[in-house]
Amino acid sequence: MRKLSILLLVVLALSVGFAQAQDTVTLTIATVNNPDMVVMESFTEVFEAEHPNIDLNWVILPENELRATVTTDVATGSSTFDIVTVGMFEAPIWAGNGWIHSITDLAAEYPDNVQADYGFDDLLPGVVAGLSYEGELYAAPFYGESSMLFYNTALFEEAGLVMPEQPTWEQVREFACALHDPDNGQYGIVLRGLPGWGEVMAPLTTVVNTFGGRWFDENWEPQLTSPEWNEAVSFYVNLINECGQPGATSTGFTEALTLIAQGQAAMWVDATVAAGFLSNPDESTITETLGFAPAPVGPVPKGNHWLWAWSLAIPTTTTHPAEALEFVTWATSRDYINLVGETNGWQTVPPGTRISTYENQNYLDAAPFAPVVLGLMQAADPTDSTRDPVPYVGVQFVGIPEFQGIGTDVSQFIADALAGNITVEEALQRANEVAREAVIEAGYLSE
Amino acid sequence: MAQAATLTAAPAPPARQANAFALRRFLPTPAILFMIVVTQVPLIFTLSYSLERWNFLRPERRGFIGLNNYVNIIQDTDFWTILFNTLYLTFSVVLITLVVGMGLALLLNREFFGRGLIRTLLITPFLLMPTVSAVLWKNVLFNPAFGLFAALFALLGLPRPDPLAQAPMLSVIIIVAWQWTPFMMLILLAGLQSLDHEQIEAAQIDGAGPLMLFYYIVLPHLRRYIELAVLMETLFVLSIFGEIFVTTSGGPGIQTTNLSFGIYQEAFQRWNIGSASALGVYAIILANIVMVFFVRVLRRGQKEGIATS
């Protein structure tokens, strides 16, 4: 309620603002406080100088807060925002609800407002597929990521270990346990354990995929009690508890990044976007000894690395779709990537959206991890990431609205098993029950 | 107004006075109306949402479903765990802060060198924002890899503890109690300082020792202050959210999920506005039960006070 009244106030304030300034249009943009977005905000003046009729107004929030604010805003039709930042999970769902404009349609309607030389066919096909609904693009990718294995080459050399070109999870386990030395504050591997569908469930689901598991069968019957899930989750839990970091249930992306950046962990499987931070001497102590490999595989060579893209979308409630399109295509264009590269250094450009980025010699020189990332981004396929057929789209998530709830509930039981309070069997049994209730409640599965 | 009529009928005062009385009655109306609009309208909205099946992300399935949300919640075993967690957390925190706060208040009531400084330091936890103190506890103290406790344990050759995973509820209780102890301490200290010295001297002359002094003089005097502090703290701690959000996210499992955090999860992770509203109504009922209970206790205390004096 309080949220709603604050929103009302903001809307009121904005409409007063509009009434006073008829000539220039103010675009309100909601985005995540990730480093790449903060860089985007820092170029506000450059954009405003190029587009004198548009003023930018930023609302920058942490990921969870952004999701809550933007979803509430769009679902209630409050029209606070002219541009919102959405992930690959939200884009198709919101498109289906008619909450965001089709970028394809808008670009056809206002061709003059599309950034010159934008090049829709330069966007990575897998990313475009994940952001499309019924064949039309609904959000323009700002940066994309997959998941990969980071390791500390110094520790590997010391122990005489060699990282294969494509490691398997079994090899990773052996390396981790060989390098695990908790008494001296050195951990064999660090993996996410923090509850949340976007935290522990992301890497865990890729492990489940590559162990041959799936969230639901073709009829939406949850599969969490299957032997594949049991094997995958037991592997993940045992790996962390035996050769991984302590405090697993409070380790999210940020905590894991800290551990590896301080040289306390030998390996880490997580988002490719972390490569940029780990190569930055201001934030990392292992820039010289950082190694990269594709995400490990299990028995099934599929779905072992995820695909995600933070993207800019235009809510249907905006009164300035043409100007919003102008900004969206500017911020996701080649020109923007060049601007960031030339101003801030090439290793800081938003990665994982355009083929041309990976053909740019400046970027390849600054980012040694680029070829691995490109290979992963091109191989990830949200429509085909499990051994058995599934009724959903998504590598590390299930592309249905209810998954946020299901994934969060399941992750809590996984955390309970990680903490050793219940067995993996019990956790999966209870997780399966909540997943089943949720899909019945939502009408996918009838009892 | 009927009351006003009977009042005017009895002693038959002049008409002007009756008019003034009516005016006096009328004057607060705008304020009362304002209060109704800002407090009761949101409640009415919550009540009406709670009768709907409404998932934000599935607008096409929105519809009236009567009391189904309420029934589903009661039938869900997790709800009872969450309710138990809420009460367990609240009463543990209140009890701990009462004991520790009383001890600190008694100490601070004495004259000693640097009392002002110590008092300021002791109040500091209460002035920190809940999320800030939770982040401090989580990362600086509890973190099993680089936290202070882990370092101390490692120094002694013991395995590094991971309090937030091994004893999540106790960890949350400690954090919240650390934060609320100064509140209890301040109110009790104010009470102690209003205690008449002559009474204590008289009791000492009569041969009372420190324990008897505390039990027969200090405690009865502090009773009103204790009741007030406990009531207020209970109401605040019942709805604690930031500490849980930052440290455990209600887990592992639902071991540290209280009603506030449960409502947050229902509304902003499952996007179930209907059942989140129903949970909210249950939370209001719970807070009111606690409130009525304490107000009764307070009233009884007042009556006894009047009778004895």
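Modeller: This is a predicted model, and chain B averages a pLDDT of 85. In chain B, 92% of the residues score at least 70.

Biologist: Over which residues of chain B does pLDDT stay under 50?

Modeller: Where pLDDT is low, the predicted coordinates should not be read in detail. For the stretch in question the model has 5 contacts beyond four places in sequence. In chain B, pLDDT is under 50 over residues 1-10.

Biologist: Which element gives the largest share of the side of chain A that touches chain B?

Modeller: The contact takes 29 residues from chain A and 27 residues from chain B. On the chain A side, helix H4 (63-75) and helix H18 (403-418) each supply at least two residues. The largest share, 8 residues, comes from H18(A).

Biologist: How many charged residues has the side of chain A that touches chain B?

Modeller: Sorted by class, that side of chain A has 14 nonpolar and 14 polar residues. The number of charged residues there is 1.

Biologist: Is strand S1 of chain A largely enclosed or open, and how many of its residues are buried?

Modeller: S1(A) covers residues 25-32, which makes 8 residues. The strand is largely enclosed by the rest of the structure because the buried ones among them number 6.

Biologist: Which residue of S3(A) is the bridge partner of A:Ala30?

Modeller: S1(A) pairs in the parallel sense with strand S2 (residues 54-61) of chain A over 8 bridges, and there the partner of A:Ala30 is A:Val59. S1(A) also pairs in the parallel sense with strand S3 (residues 83-86) of chain A, over 2 bridges. In S3(A), the bridge partner of A:Ala30 is A:Val84.

Biologist: Where does H3(B) bend?

Modeller: Helix H3 (residues 29-49) of chain B reaches 29 Å from its first C-alpha to its last, close to the 30 Å expected. The helix is hardly covered, with 0 buried residues among its 21. A proline, B:Pro42, follows the bend within four residues. The bend, about 35°, is at B:Gln40.

Biologist: Is B:Gln255 buried or exposed?

Modeller: B:Gln255 is in the loop between helix H13 (242-247) and helix H14 (259-268) of chain B. A residue counts as buried if 20 or more other C-beta atoms lie within 10 Å of its own. B:Gln255 has 20 within that distance, so it is buried.

Biologist: Which residues is B:Gln255 in contact with, leaving aside its neighbours within four places in sequence?

Modeller: B:Phe268 is 13 residues from B:Gln255 in sequence, and the two are 19 Å apart, C-alpha to C-alpha. With neighbours within four places set aside, the contacts of B:Gln255 are B:Pro168 and B:Met169.

Conventions
Residues numbered from 1 in each chain as written. Chains lettered and ligands numbered in written order. Predicted model: local features only at pLDDT ≥ 70, side-chain atom pairs only at ≥ 80, totals over all residues. pLDDT = per-residue confidence, 0-100. Contact = placed C-beta atoms within 7 Å. Nonpolar A, V, L, I, M, F, W, Y, C, P; charged D, E, K, R; others polar. Buried ≥ 20, exposed ≤ 12 C-beta atoms within 10 Å, placed from the backbone. Pairing = 2+ DSSP bridges. Expected span 1.5 Å × (residues − 1). Bend = angle between axes of the 7 residues up to and from the residue.
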